[in-house]
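Subject: Handing over the structure

Hi,

Here is the structure I promised to pass on to you.

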Amino acid sequence: MVTRLIPRLVLSLAILVLVLLAGASWWLWQANDFQVNGELRVSGLSGPVTVFRDERGIPYLFADDLDDLYLAQGFITAQHRLFQVMFYRELIHGRLAALIGEPGLTSDRRLRLYDLPRTAARHREMLGPDTERAMQRYAEGFNAYVREHAHEHPLELRLLGLEAEPLTVTDMLAMAHFVALSQGGTYRASLVLQAIRDRLGDEAVARLLPPAVAGQPLPESAGGPLAAEFALDDHGFADHIAVGSNAWAVAPGRSASGGAILVNDPHLDARILPGVWHPIGLAVPGVEAVGVALPGLPGMLVGRNQYVAFGVTNSYGDNQDVYVERLDPDQPEHYLDGDESRPFRIREEHIAVRDVHAEGGYRHETVRIRETRRGPVISDHGERVGGRVLSLRRASADPSGWEREPGFHTLWQARTVDELEDAARRMDLFLFNLVYAARDGSIGIRATGRVPLRADGQGVFPRPVGAEDDWLGWLTPEQMPAERNPERGWVASANHDLRPPDAEIYYGFSFATGYRQRRLARLLEEDDTGDAGEHWSYMLDIHNPQAEQVRPAMLAAMDRLLDQEPSMPGLAELREILAAWDLRDHRDLAAPLIYQSLYRALAWQTFEPLLGQSLARAYLSMPYLWQGRFDALLMDGELDGWHGVPGPPQELIERRALEQVLGELGTAFGPDPSRWRWGDAHRITFVSPLRTEGAGRDLLGGGSHPYSGSGETLLRAAYAQHAPYETRLHDSFRMLVDFGQADHMLANLAGGVVGRQFHGHFRDQLTDWLQGRPVPWHVGRDNVSPAARHRALLLPRPDSERISDTL
């Protein structure tokens, strides 16, 4: 009898557990939801705003004027992304450690050094009335939700002990400056190259210069090394946003539909759900647009309206310089500008660190920061080269480069290419290549941002401080990379150097090697009249053009070692798999894993003996800095040609690399290479901000998935050299606009619309994204309304008062 009852008891308990889990899920979803239907009264509105939401939760806003539209955009953004914006604000202010403890301390120290809120406050004083009003209205709408809908605030705020506070225009500008900061990084490349120069000498470092500046004479080394010292600290969350992207446009004559086509897939680290981008539709009489915005900023950065379509890639213009400061020998708290002694500006930053063992739950740290006229002294804070005193100068922090009316929030309103280019010319902070197509058939590229005109025409190495300012102004729009309606009928940007070969003015030195660009150019040239489906497939292309060039050198290295040791375990099998490879970085193949592992090992075995572990790791973490030169050396069989610098011979480099590959992959994946799979190692993992690692990560997040592609394929899936092979940099959003199809664009998003745990639109677009499936995003009320699943009407409050004086 008891035996018969046991299965029933187990079944009953299982059913009870399922019921409880279902009930808990329903409660959590309800507890973290918000109103999407019916009327909502919103302070500050002057007229009604209709909000349609489609089956993926994408909001489409229809207003009678820009004032109400931007206010409504702020309100809807707060509904969807309140926690994300509040978290960004704490991050940018350097207050993350107070929320999450020790893991946030590194980025807090770094961001206190940059002091973006102070820069933003100065920037706000210079804003013109149109930009000020757009940002102010957005903030008013955001704050109306914060103030009037506290009962709907997301669970994440309560779980982290973070209180929603009013958003200010200064906060929003600080976010824009944070984006500008994340696009930089050239100064870190300068530090690495200087450290290599100190260690190996001028001839060796000249051989390692990236192609954009290869062959140019080296400037005199500033402030000879005082010590054999190098450090390049991790920036923590402040270094979390990597950037890249592909974008191209084809003229109507190359399009099957007869309309111009634009394609864009911004490459970011968007693995923390719901992702970086906020999908949205914006419409006022005469202009109806759809695309993606950055939460906390009005307008949209990527998208289309009925007239133009626009996308962005990172341009890698060089807008940062490191200076070697000279101390006043008679006054230790002074530095020298020419012969003039100036006091360092000293500020102290007090950081609270959440700590359950400390009194009151927090411990406190004080960071002392020295500043010169050029910027903060970074060598006091973990970025050291040869004992020099180093300061950092950033164009984005220089008021002389700021526009009164920056154009970032007006792109979506452009009705002509001229209007679009005018907005691009006024985008002072962001270093983008704006790629565009238009209904009239125009296509083009325009670089944005401010790049300094340097007196000596170079910015590769740290610079000496002279008596005169060596930034003479800014490159003019005519000196910045741009192209419009070329005869070939297409334009493209894949983070490569867009300048013509005979360009004389220095623009930058650390660009993508060009593999993605060359693959894209081949596809576009082979296809005279591609349709939308073909162009969409190019975003998903996994052919590895780097391997096409480098594989012969790898096979030759294997042959040399097999000649010496024919019976070396596993080597013949590796060679056979690599030789038979079709050059696709597909997750179900073994060859991409062998290729990537061997490429990493060859680079490490070449540079680590010469540079040491710390410097080699820093150098190899910057592929745009070394990849082009290393690949040329590898293909030429000259890995040991270092002008007398002692290092291992090429045969030893190859042997060590192959032994490293056989050892690492055999240990991780077993002794049979035919059973290895790229996707077993190369994965992409989407996580909740509440649980980025450990138990429950996959339950709360979007799971870990085998993933095709690599850093060199058009389907971008790059990993960090020191942390293989987890995908870090990927296409965060995919978009295709065909002006032969006026009613929609095709898109998918790595994440979801709503930044609330357990919400139905927190991660629901991941499936389409992982499968590469395009989804229509509608343009225009006549197309949006029939597809709507929810309809809300935002109405003025009877006693509505604007709160601009608090912003």
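**Surface and overall build**

The chain exposes about 30800 Å², and carbon and sulfur atoms supply 51% of that; accessible areas come from the Shrake-Rupley method with a 1.4 Å probe, and for residues only the protein chains shown count as cover. Before you read on, note that this is a predicted model: local features need pLDDT of at least 70, side-chain atom pairs count only at pLDDT 80 or more, and totals for chains, interfaces and linings use all residues. Residues are numbered from 1 along each chain as its sequence is written, and side-chain values use heavy atoms, with hydrogens and water left out.

The chain has 23 helices and 33 strands; these are DSSP runs numbered from the N terminus, with helices (H or I) of at least four residues and strands (E) of at least two. The radius of gyration is 27 Å, close to the 28 Å that the globule rule gives for 807 residues, so the chain is as compact as a globular protein of that length. That radius is taken over C-alpha atoms, and the rule is 2.2 Å times the number of residues to the power 0.38. If you want a box around the C-alpha atoms, take roughly 85 × 80 × 70 Å along the principal axes.

Of the 807 residues, 60% count as buried (buried is under 20% relative accessible area, exposed is over 50%, and partly exposed is in between, with a 1.4 Å probe and protein chains only).

**Aromatic pairs**

The count comes to 23 aromatic pairs. The rule pairs rings of Phe, Tyr and Trp (its six-membered ring) if their centres lie within 6.5 Å; planes under 30 degrees apart count as stacked, over 60 as edge-to-face and the rest as tilted. One of the pairs is Trp248 with Tyr538, tilted at 40° between the planes and 6.3 Å centre to centre. This pair links distant parts of the chain, with Trp248 in strand E5 (residues 246–250) and Tyr538 in helix H13 (residues 532–539), 290 residues apart. Both Trp248 and Tyr538 are buried.

Phe607 and Phe630 make another pair: their ring centres are 5.7 Å apart and their planes are at 50°, so this one is tilted. Phe607 sits in helix H16 and Phe630 in helix H18 (residues 623–636), 23 residues apart.

**Ser597 and what it touches**

Helix H16 (residues 591–611) also holds Ser597. Ser597 counts as buried because its relative accessibility is 1%. Leaving out residues up to four places away in sequence, it touches Val661, Glu664, Leu665 and Tyr725. Pro724 is 127 residues from Ser597 in sequence, yet 8.7 Å from it in space, C-alpha to C-alpha.

Most residues other than glycine have a negative phi, and most peptide bonds are trans. Here are some exceptions to look up.

- The bond from Pro724 to Tyr725 is cis, with omega near -5°; Tyr725 lies in the loop between strand E28 (717–718) and strand E29 (729–731).
- The bond from Leu273 to Pro274 is cis too, with omega near 10°, and Pro274 is in the loop between strand E7 (267–268) and strand E8 (278–284).
- Asn485 has a positive phi, near 50°. Its place is the loop between strand E24 (482–484) and strand E25 (490–493), and it is partly exposed at 41% relative accessible area.
- Asn495 has a positive phi of about 65°. This residue is in the loop between E25 and helix H12 (515–526) and counts as buried, at 0% relative accessibility.

**A residue on the outside**

Pro217 is exposed, with a relative accessible area of 75%. You will find Pro217 in the loop between helix H10 (202–208) and strand E4 (230–232). Its C-alpha atom is separated by 9.9 Å from that of Asp202, 15 residues away along the chain.

Cheers

Conventions. Contact means heavy atoms within 4.5 Å.
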